[in-house]
Amino acid sequence: MLATESPLERGTANRSGGAGVPVYITGTAAFLPGEPVACEQMEDFIGRMPAGCSAFGRRALRWNGIQRRHYALGADGRWLHSNASMCADAVRAAMDVAGLDLRDLDCLAAATTQGDLLVPGHASAVHGELGGGTLELASFQSVCASSLMAAKYAWMAVKSGEAGCAAAVAGEFSSRWFRPSFYQGTELIDAKGRLAMAADFLRFTLSDGAGAVVMERQPRSEGLSLKVDWIDLTSLAGQFDPCMWAGATPEGRTERDGAWSCAGPAAAHASGAIALQQDFTLLKSVIRAWIGVYLQKVDAGRIDPAAVDHLLCHYSAQSLREEIVGLLEATDAMIPQERWFTTLQDSGNVGSASIWIMLDGLMRSGRLKAGQKILCIVPESGRAMVGFMMLEVVEAA
Amino acid sequence: MGAAVHIVLDPAEIEIAVVLRKLAVVWAGFEARLEATPLIRKLTRGRFELADYHAFLIQLRQQVKDGALWMSRAASNIDEAHLELRSLLMRHAVTEHRDFRLLEADFVVSGGELEAIRGAEKNLGSEALSAWMFHEASQPNPFGLLGAMFIIEGLGSIKAVEWGARVARRLDLPNEAVRFLLYHGENDAGHMEEFAAMLRMVAPEATTAARIVRCAEVTARLYALQIEEITS
C-alpha cells in the first residue's frame, strides 16, 4: 500500500551533512576522446539511418543547445577507446592534478550507465585498465546520478577513515549504442524506415567521455580544493516507471518478465529492446518531480539559492521550459542564470561523466574564490532520481 | 527562456513566494503519488479499459459537481474585508458549476448510460474529499481553501490534457468523448500567476499561510485516495 507521508518528505532532515571529519576534492580531471565533433558531422561517427538525416534529431539539438561533442569512435565507426580506458585515463589525470601517485589510491568508486561488459562490474574494468596494486572497489550502475552514488561512496570512505584517498570516476561510451545495427531490423524502425523518436532523441543528445575526482582528508597544500559539504540522492522510483532505459520494450519495461533476457538476445533485439529509449510524456512529470525535490530542499533550508555562487547542472537553463523557470522565480528559488556554469555546449551531454567534466572546467575557469559555494545538481531521468552535492571552495593556508 | 534577470522580491512578495514554494512541493508529492495509483498505472502502462474511463468519470463527476457548491459556500463565509476574493470565488463557481454536465456527456459519448453516471455512488475517497471540502468551506474566512484549489486546479492545468490524450489514444475515442479532460487543460493556463494574485488578496500571515499549506496537503491526500479507490 502507499505510505501516508508525501513521497518527497523522506530525506534529509536528520542528516548531519558536513559534520565530522571534513573531506576535500583535491583533484579533478576530464577525459574527452578524439576531436570535437560538430553537429553536421555527428552521423559520420554514429552512422546514418537509411531514411536519412533525422528531423527529430535536429530538434533535439536545438533543444539541448549542444554545439560540439566527443566520440570514442573513429569516423569509420572503429573504437578508439573503451569506457573503462577513458575512466582510467580520467583517474590518472585527476591523481596527477592532486599531486598524487596511483599508489596513493586506496579506494575506487566507478559509475556508468552501461559498462563495457555485462559482467563483471565497471570498477573492475577500470582497475584492470589502471593496473597496479590492490584497491577497494565499488561499482555503480544507473544513469547520470550514478556519478554522485560513486562520489558519496568515496566521500563516506574517506570521512569514516576507511580510505585515506578515494577516487570517484564516471564514464560513458554511449555512441556505440547509437550505431545503425542497434536499430536495423527492429520494431523501432517504421515502414518508411524512420527511427522511433524515443530512440532517435538520445542518438542526438548523448556522447562519450569520462571524468574523475580525488578525495582526501586534507586540502591541497597549494591552490584550491573543494570541501564536500554534503551529498544527497533522492529516488522516486517507487512512484515513477522507467523513463530512460535499455533492455526492454516500452510495454515490457515494468513487467516482471519484460527484461530482454527473458525473450533471449535475438528476439529482444528484434523487438527493439536492446536500444536506449526515452519516454517523453513521462519525462515532463519527472522534470516536475526533480523540481519538487529541489524546492523541498530550498524550503527545508538545505539549499539557500542566494548563497550559491556557482550552479552546475547538465541540463542547460535554456532547455528548461519557461514554465519551470517561471515556477522557480515565483517560488523565490531560481539561481540566477549568470551563476550557472556549464561546458555542455562544447563537451556534450556525457551522462554520468558530465558533472565531473563541468566541475573540472569550473576549476580551470579562474572563476573560483575561497569561500564560494558550488551546488551540483544531477537529475537522472532513468527512473526519477536527482542528486545534489554542495561544495565549498577552500584555499591552501 | 530569455536572459534571466534575478527578481528581487519585497518582503510581502517573499512570503507569497514561500507559500507558493510549499504548495509546489505538496503538488510534486501529489503528482508522484498519483503516478503510483492503480488507475493511473493502468493508463500509463497501456492497460486502461473503457470501464476504467467510466469509473474515472463517475468519481470526477462527484467532486466537480461539489466543487462549485463548496466554492459558493466558501464565498458566503468570506467577510467584507476580502470582497475581491469573494467575487473571485463566486465567479469561479459560476464558471464551473455546470462542468459536471460535460463529464456526463463524455460518459454518454463514450458508450455509457446517463442514468449510470447520475446514479453512481461516491467512493470512499470521494466521500472523504467532499466532506473535507464542505467542512473547510464552512469556516469563517476559509482561506485554507486556496491550498485546496492549488491542488485541484493544478490537476486541471498540468495533468488533465496528458490524461485526456492517453485515454483517447488508448481507447481510440474521438475528442468529443474526452472533452472534460482536454478542455480543462486549455482552460487553466497561467495557474501560478493566478494563484499569486489570490494569495495577495488574503496577504497571508504565518497562521493563514500554514493553514493554506495544510489544506493543500489534506486535499492532495484525499484526492489521491479518491483515485486509489477507483476500481472498474
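Which domains does the domain assignment of chain A give?

## Domains of chain A

The model is predicted. For chain A, the domain assignment gives domain 1, spanning 24–216, and domain 2, spanning 224–395. Their C-alpha centres are 16 Å apart. Domain 1 of chain A brings 55 residues to the contact, and domain 2 of chain A brings 50 residues.

## The side of domain 1 that touches domain 2

In chain A, the elements that each supply at least two residues to this side of domain 1 are the strands β1 (24–31), β3 (68–69), β4 (107–112), β6 (165–172) and β7 (209–216), together with the helices α2 (55–64), α5 (146–159) and α6 (197–203). The most comes from α5(A), with seven residues.

By class, the side of domain 1 of chain A that touches domain 2 of chain A has 30 nonpolar, 19 polar and six charged residues.

## A helix pair in chain B

Two packed helices are described by the angle between their axes and the distance between the axes. In chain B, the axes of helix α3 (residues 50–76) and helix α5 (residues 99–109) come within 9 Å and cross at roughly 170°. Angles over 145 degrees count as roughly antiparallel, so α3(B) is roughly antiparallel to α5(B). The crossing of the two helices is left-handed.

On α3(B), the contact is made by H54(B), L57(B), L60(B), R61(B), V64(B) and K65(B). On α5(B), D99(B), F100(B), L103(B), E104(B), D106(B) and F107(B) take part. By class, this contact of α3(B) with α5(B) has six nonpolar, one polar and five charged residues.

Definitions and conventions:
Residues numbered from 1 in each chain as written. Chains lettered and ligands numbered in written order. Predicted model: local features only at pLDDT ≥ 70, side-chain atom pairs only at ≥ 80, totals over all residues. Axes fitted to C-alpha atoms, helices over the stretch in contact; angles between N-to-C directions. Helix = DSSP H or I, 4+ residues; strand = E, 2+ residues; numbered from the N terminus. Parallel < 35°, antiparallel > 145°, perpendicular 65-115°, else oblique. Left-handed = near helix turned anticlockwise from the far one by under 90°. Contact = placed C-beta atoms within 7 Å. Nonpolar A, V, L, I, M, F, W, Y, C, P; charged D, E, K, R; others polar. Domains from an automatic or database assignment.
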